[in-house]
Each structure stands twice: as structure tokens, then as C-alpha cells.
Amino acid sequence: MLLKHERSVTMENLQTSYLGLMLRNPLIAGSCGLTNSISDIKELALRGVGAVVIKSLFEEQINVETENVIISEEGEVKTFTRAPDKLFGKRIYDYDEAYSYIFDFAKRNTLEKYLDFLKEAKRSVDIPVIASINCVSNQNWHAFAKKIQDTKVDGLELNIYILPSDWRRSGEDNERIYFDIIREVKNYVDMPLSVKIGYYFSSLAQSVQKLSESGIKGLVLFNRPYNTDFNIDKIGLSHGSVFSSNEEYTHTLRWISILSGHVKCDLSASTGVHDYKAFIKQLLAGATTVQIASALYKKGFDVIPEILKGTVEWMRKHEFESIDSFRGKLSQSNLENPAAIERVQFMKLYSGIE
Ligand SMILES: Cc1cc2nc3c(=O)[nH]c(=O)nc-3n(C[C@H](O)[C@H](O)[C@H](O)COP(=O)(O)O)c2cc1C
């Protein structure tokens, strides 16, 4: 039999606000192949997610189509049947193969199709729908954000993924791109913006803090990078798993707990959350919301009610009546120097093992 306070905690108590939007709970279906069809989006909503981030459109898709329009406006109407030799008079990619792949990809996935899809997604569900653009540069694609805003979706997540591997660019050069992109996009839209980042920053804490002050409403930590691997039988390139494992949540957990309380926007935890325990941990660290993708593939959509039910039961047990009443309880926001604490913990743990 449930005690009185236990009975009173239900799914209603999971309400939270993210990017200024009201969500029925903090569990978000992250951008992935399962947010790329209306039937899946409806099912995700039915199973209980608080919001959905649509599969990203790539900046390269926007650029290629923009190029096409510019040529048309000059009166030189051209229909490309294969990748043209150059873009704006110069190559944007060093390798022919990479460039023609991107061109063909862009043609298959037209922008109009993406906008129509957003409108339909928005019509189909009554939870917030967040569009997503995957971008790497400050090239000329920002005006497209306005078209996304016109579809009346609730927000836009910019997935900015810059692998700092270019020898000619300093950390500062790379980090400036994030701010340039945000500024440009903000010139076109006033819808809620969030930015999803990786962890390759020379000073992650300071960069995240500055990003949180750039006018965005949320930061998604973190992008899970494409992992290169080798095939030693074929002596060639291969890649790591596309899906995360359930042990990968700790990296995000560390950073959410270090950063929460020091930033001026919401934090959404992403990577490695596969069950209600990892979900609750991210909230205890201070996350405003938590995104899942791999768990949806590995466990199916049943993982959604499992996580939500597990959270309600845990809240009953610990007598928390709202997400706000325990969010950030284990944040390190009061620590002057989390690195010093980690070092002591590291020494204690590792020196005890022989
Ligand atoms: C098949 C697949 C497709 C994805 N596509 C996108 C995408 O288009 N845009 C994006 O921002 N993230 C994309 N992601 C990354 C996820 O949103 C998420 O950040 C990452 O998988 C880590 O979270 P997880 O551990 O819950 O999977 C994709 C992930 C998967 C597995």
C-alpha cells in the first residue's frame, strides 16, 4: 500500500520548463533516424517523451541548394545532374568523392521536403517539436533558419561539430566559429535556440559559460562523435559503434555537474542514458532535460515509459514532489575547483588497487 505522499507523486509531477517551453517531463527524444518519420514521432509522443528533436538537416545540404538558387537568379538556369566542379568559384572540399557524395545527398533530401516535414510533425503531436541543423562553418546558410521558424516549430537546435584537427587553426579560431554561427542565426530568428556541442574545447568550462551568455536558451552536452577505428584484417579504416553503451553517461554527468549553476541557459544531457537511473543522475547533476537516442534503438520505445515510471517511483521513495525539488542536488556548483577534488578521488581510488 502506498503512503499518502507516495500516492500524490504521478507523471504530472515531472513537468519542467526547457528553452522557455513547458514540457510534461524532461525526457527528450534526441535527433536521430527515429525522429525522421511522422509515424515514429507520433509513437514517441504516445509513449510519453516530453519533446522531440527532429533529425538534422546538414549545412552542406543548405549550401548546395543555395548555390543552385543563386545561379538561377542570375538567369543561368542550370539543373545539375551531377556535382558541379566548383561552389562559388572554389572547391569547398578537397576530395572529389566527398564533394559529389554531399551533392547527391543534398539532392535526395531537399530543403522543401524538410520544411514540409517540420510542419507535419508540428501538426501531428502536441509536444514541443525542435528542428535541428548540423553545421560546421559560418558559411552562407543562416537565412534558412528563418524558413524553419516560419514552420512554427517550437525551437531550433544547432548541432555544431568542429573537430579541431586543422593544423592552421588555433583553439581561439575554432571556438570563434560557434559564436559567429549563433550571432548570424540570431539575426534571422527569435525562436528559442539551443546549441549541441562536442567536448573538444581548450577550456571547456569557460567556453560553455561564454556560450551560455550568447543569447541561446540551451546547451546540449554532448554530441557523440563519429569514432574512427581500424580493421586489422583488411588493413583499412572502419568505425566504432554508432550507438552508445549504457556506461557512457558518466562523461556527460561529470560536466553537467561541474557546469550547472555556472551557466546562464538550460543544460540538456545527451549520451549514454539508457535507463531511469542514468536519467535521474543527470537531473541530480543539474540537467534541465535529458535526451536519448541509442536507447530507443537498442531497447525500443518501451524504454520511454520505463524511464518515466522508474523516475516517479524513485521520487515517491525519496519524497520529492517535483523535478525542481531534486534537480542539481549533486551539482558541483559550490566547488571552487572541481579538478582538485577529482584528483584526490583519483589518487584514493587508484592507489588502493594492486
Ligand atoms: C542513428 C543515429 C542518428 C543520429 N543523427 C543525428 C542527427 O541527425 N543530428 C544530431 O544532432 N544528432 C544525431 N545523432 C546523435 C544523437 O542525437 C545523440 O546525441 C547521440 O547518439 C548520443 O546520445 P545517445 O547515447 O542517447 O545515443 C544520431 C544518433 C544516432 C544513433
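Biologist: What makes the pair Ser 268 and Gln 291 a polar contact?

Modeller: This is a predicted model, and side-chain atom pairs count in it only at pLDDT 80 or more. The side chains of Ser 268 and Gln 291 are joined at 3.3 Å, and because a polar contact requires N or O atoms within 3.5 Å, the pair qualifies.

Biologist: Why does Ser 268 count as buried?

Modeller: Ser 268 has a relative accessibility of 0%, and since buried means under 20%, the residue counts as buried. Ser 268 is found in strand β12, which covers residues 266-270, and beyond its neighbours up to four places away in sequence it touches, among others, Tyr 18, Leu 219, Ile 256, Thr 289 and Gln 291.

Biologist: Which residues does Leu 219 contact in turn, setting aside those within four places in sequence?

Modeller: Leu 219 is in contact with Val 195, Ile 197, Val 208, Leu 211, Ser 212, Cys 265, Asp 266, Leu 267 and Ser 268. Leu 219 is also one of the residues with the most contacts inside the largest nonpolar core, which has 86 residues, and Ile 148, Leu 156, Leu 158 and Ile 197 are named with it. Helix α12, residues 303-318, gives the most to this core, with seven residues. Another core, of nine residues, lies apart from it and includes Ala 51, Val 53, Ile 130 and Val 220.

Biologist: Why is helix α10 described as mostly covered?

Modeller: Helix α10 spans residues 276-285, and seven of its ten residues are buried, which means that each of those seven has under 20% relative accessible area. The seven are Ala 278, Phe 279, Ile 280, Gln 282, Leu 283, Leu 284 and Ala 285, and the buried residues of α10 pack against β3, α9, β12, β13 and α12.

Biologist: What caps the N-terminal end of α10, and what follows the helix?

Modeller: Asp 275 is the cap, with a side-chain oxygen 3.2 Å from the backbone nitrogen of Lys 277. After α10 comes Gly 286, whose phi is positive, near 120 degrees.

Biologist: How do you know that strands β10 and β11 pair?

Modeller: Strand β10, residues 228-231, and strand β11, residues 236-239, are linked in the antiparallel sense over four bridges, and because pairing requires at least two bridges, the two strands pair. Asn 231 stands opposite Gly 236 in β11. The two strands form a hairpin with four residues between them, and Ile 235 in the turn has a positive phi of about 45 degrees.

Biologist: Which residues come nearest to the ligand?

Modeller: Of the 18 residues around the ligand, Ser 31, Ser 56, Asn 159, Ser 244 and Ser 294 come nearest.

Methods
Residues are numbered from 1 along each chain as its sequence is written. This is a predicted model: local features need pLDDT of at least 70, side-chain atom pairs count only at pLDDT 80 or more; totals for chains, interfaces and linings use all residues. Side-chain values use heavy atoms; hydrogens and water are left out. A nonpolar core is a set of buried Ala, Val, Leu, Ile, Met, Phe, Trp, Tyr and Cys residues joined through side-chain atoms within 4.5 Å. Buried means under 20% relative accessible area, exposed over 50%, partly exposed in between (1.4 Å probe, protein chains only). Contact means heavy atoms within 4.5 Å. A polar contact is a pair of N or O atoms within 3.5 Å; within protein, one must be able to donate a hydrogen and the other to accept it, and residues adjacent in sequence count only if both atoms are side-chain atoms. A residue is near a molecule or strand if one of its heavy atoms lies within 4 Å of it.
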